[in-house]
Amino acid sequence: MEKQPNRLLWHGVFLLMLLVAVFGIYKAVQAVDYTWRWERIPQYIAYQAEQKNYAEFDGTVVAEKGQLFLQDDLDAKHRQAIAAKGAQVAEGDTVFLGDTLDTQLSWTAGPIAWGVWVTVKLSLVAGVFAILLGTLAGLARLSPNPALRNLAVTYVELIRGTPLLVQIFIVYFFIGTVLNLDRFTAGVAALAVFTGAYVAEIVRAGISSIHKGQMEAGRSLGMTSAQTMRYVILPQAFKRVLPPLAGQFINLIKDSSLVSVISITDLTKAGREVVSSTFSPFEVWFTVALLYLVLTGTLSFLVRRLEVKYAKSN
């Protein structure tokens, strides 16, 4: 009974700290001589674009069963449908080739929305390759073969010891030029190689945390070392490495913003382009930060669900 009031007290302390932080941000915003124009942002996320239907031949507009058609003057059977909503012509009008028949409004993704899509696609593809590369490198770190082990150590130390931005430049301007890689492929390669080095260490640590008796038990049942690793060791290690892997892939989403330096229009580059169009840097960058938070928060939620699922299966 004594724990409940204490919990409520500390929740109250947390809310108070949160209110103080919000008040501090509000006062800071008030102190800045800046005119906020949030109404400019939505159109760069999604907007209604006009799609015009043009006449494909010369003809006359006719109506049939409440539907408008453009009827060819040379062939009465040759017709082109005209949408009733948004029609720019009426029954009996003479229309020439290229004239506008109707105009339709449809929702279209803006540059920020496209930037989100590119960021998600870039992170997803790079993440898949990072898992494959990191798992192989992690297994090589534990291999009894000195060549494989030394190769894995060199890869991990070399990649973790150099900045990602430098690696992106090397992959795009050097390796990409030699292999004729496009920007997206070069960006995926740089991110996958960089993240794979950290995944390798996570996998190595996860496998090392499994008691050696598990391998011996598998071998005693007649399985080979590879079969024991696949069916006994790796499933147990996966549960343990799930939280650090999630943290690494959250970092991958944020690190993907660096590929904007090679002109990939991800969320960050789209934000820069919108800033140059709207001259509203605060609104744009707050929106970009919120979208990154949504992406990373969604990933964190999915990983927590997986953790709960595997915890129940133990």
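I began with H7 and H8, whose crossing is right-handed, where a crossing counts as right-handed if the near helix is turned clockwise from the far one by less than a right angle and left-handed if anticlockwise. The model I am reading is predicted, so local features need pLDDT of at least 70 and side-chain atom pairs count only at pLDDT 80 or more, while totals for chains, interfaces and linings use all residues. Residues are numbered from 1 along each chain as its sequence is written, and side-chain values use heavy atoms, with hydrogens and water left out.

**Entry 1: H7 on H8**

I looked up the geometry of this pair and found that the axes come within 9 Å and cross at roughly 135°, which makes H7 oblique to H8. Helices here are DSSP runs (H or I, at least four residues), numbered from the N terminus; axes are lines fitted to C-alpha atoms over the stretch in contact, with angles from 0 to 180 degrees between N-to-C directions. Oblique is what remains once angles under 35 degrees (roughly parallel), over 145 (roughly antiparallel) and 65 to 115 (roughly perpendicular) are set aside.

On the H7 side I noted Gln 214, Met 215, Gly 218 and Arg 219, which meet Ser 225, Thr 228, Met 229, Val 232, Ile 233 and Gln 236 in H8, contact meaning heavy atoms within 4.5 Å. By class this contact has four nonpolar, five polar and one charged residues, with Ala, Val, Leu, Ile, Met, Phe, Trp, Tyr, Cys and Pro taken as nonpolar, Asp, Glu, Lys and Arg as charged, and the others, Gly among them, as polar.

**Entry 2: two partners of H6**

I then turned to H4 (residues 146–160), which packs on H6 at an angle of about 120°, the axes lying 9 Å apart; that makes H4 oblique to H6. The crossing is left-handed. From H4, Tyr 155, Val 156, Ile 159 and Arg 160 take part, and their partners in H6 include Phe 194, Tyr 198 and Glu 201. I recorded nine nonpolar, one polar and two charged residues for the contact of H4 with H6.

For H5 (residues 164–179) and H6, the axes come within 9 Å and cross at roughly 135°, and H5 is therefore oblique to H6. H5 passes H6 in a right-handed crossing. Among the residues making this contact are Leu 164 and Tyr 172 of H5, and Arg 183 and Phe 194 of H6.

**Entry 3: the pockets**

Which residues lie nearest the centre of the largest pocket? I found Gly 127, Ile 131, Leu 245, Phe 249 and Leu 299 there, out of 25 lining residues. On a 1 Å grid over the protein atoms alone, a pocket is an open set of points where a 1.4 Å probe fits, with protein on both sides within 12 Å along at least five of seven lines, and lining residues have an atom within 4 Å of a point. The space in the largest pocket is about 640 Å³, a volume being the space filled by probe spheres set on the points. H8 gives the largest share of the lining, ten residues, and the lining has 21 nonpolar, four polar and no charged residues.

The second largest pocket holds about 350 Å³ of space. Its lining has 14 residues, with Leu 142, Ile 207, Lys 212, Met 215 and Met 229 nearest the centre. The largest share, four residues, comes from H7, and by class I noted eight nonpolar, three polar and three charged residues in this lining.

Notes:
Helix = DSSP H or I, 4+ residues; strand = E, 2+ residues; numbered from the N terminus.
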